Amino acid sequence: MENIKHCAIVVRRPEDVWEGTRTALGLAAHNYWAYLYVINTVVEMNEALEENLEWLEEMECEYVSNREENTRHGFKHMPLEKLARELKKMDLVIPFGNRN
């Protein structure tokens with residue numbers, strides 16, 4: 001992974017959001033630019049997730065969603081078409097969780 005600098009974690013299910021944030025934090029701790037993209041799902045906030053999102057902010061990691069409802073939790077809103085263009089710029093895209 002020596003040429004990889006920008007990594008995207010793509011989450012599509014509410015039950016995978018917390019683990020996705022943990023993965024992004026792990027990448028950031030190893031000096032990768034980590035981005036969390038939550039697609040087509042509304043985030044269910046809890047204390048543990050809130051703490052992870054605070055850590056992502058401290059580590060200058062972006063967390064983005066195509067669902068406008070998630071902006072109340074600090075997510076940057078981005079339409080799906082633009083989000084897809086952003087994913088093309090990444091060195092590594094990690095689809096997180098099951099495909100269902």
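This report describes the overall build of one protein and then turns to a few of its residues.

The structure is a predicted model, in which local features need pLDDT of at least 70 and side-chain atom pairs count only at pLDDT 80 or more, while totals for chains, interfaces and linings use all residues. Residues are numbered from 1 along each chain as its sequence is written, and side-chain values use heavy atoms, with hydrogens and water left out.

**Overall build**

The protein contains 3 helices and 5 strands, where helices (H or I, at least four residues) and strands (E, at least two) are DSSP runs numbered from the N terminus. Followed along the sequence, these elements give the pattern β-α-β-α-β-β-α-β. The radius of gyration is 12 Å, close to the 13 Å that the globule rule gives for 100 residues, so the protein is as compact as a globular protein of that length; this radius is taken over C-alpha atoms, and the rule is 2.2 Å times the number of residues to the power 0.38. Along its principal axes, the C-alpha trace spans about 35 × 30 × 25 Å.

Of the 100 residues, 41% count as buried, a term that means under 20% relative accessible area, whereas exposed means over 50% and partly exposed lies in between (1.4 Å probe, protein chains only). When contacts (heavy atoms within 4.5 Å) between residues at least 6 apart in sequence are considered, 72% of them join residues at least 24 apart. The protein exposes about 6200 Å², and carbon and sulfur atoms supply 47% of that area, as computed by the Shrake-Rupley method with a 1.4 Å probe.

**The sheet**

The 5 strands form an open sheet with parallel pairing, in the order E4-E3-E2-E1-E5; two strands pair if DSSP finds at least two bridges between them. Its edge strands are E4 and strand E5 (92-96), each of which pairs on one side only. Strand E2 (residues 33-38) runs parallel to E3 and is joined to E3 by 4 bridges, and Tyr 37 stands opposite Val 64 in E3.

**Two buried residues**

Ala 24 is found in helix H1 (residues 17-29) and counts as buried because its relative accessibility is 0%. Leaving aside residues up to four places away in sequence, Ala 24 touches Ile 9, Ala 34 and Leu 56. The C-alpha atoms of Ala 24 and Leu 56 are separated by 7.7 Å, although these residues stand 32 residues apart along the chain.

His 73 has its place in the loop between strand E3 (62-65) and strand E4 (76-77), and with a relative accessible area of 19% His 73 is buried. Again not counting residues up to four places away in sequence, His 73 touches Val 43, Met 45, Leu 53 and Tyr 63.

**Two loop residues with positive phi**

Asn 31 lies in the loop between H1 and E2, and Glu 60 is found in the loop between helix H2 (47-58) and E3. Asn 31 has a positive phi although it is not a glycine, and Glu 60 likewise has a positive phi without being a glycine. The table sets out their values.

| Residue | Phi | Relative accessible area |
|---|---|---|
| Asn 31 | Asn 31: about 65 degrees | Asn 31: 71%, exposed |
| Glu 60 | Glu 60: about 60 degrees | Glu 60: 58%, exposed |
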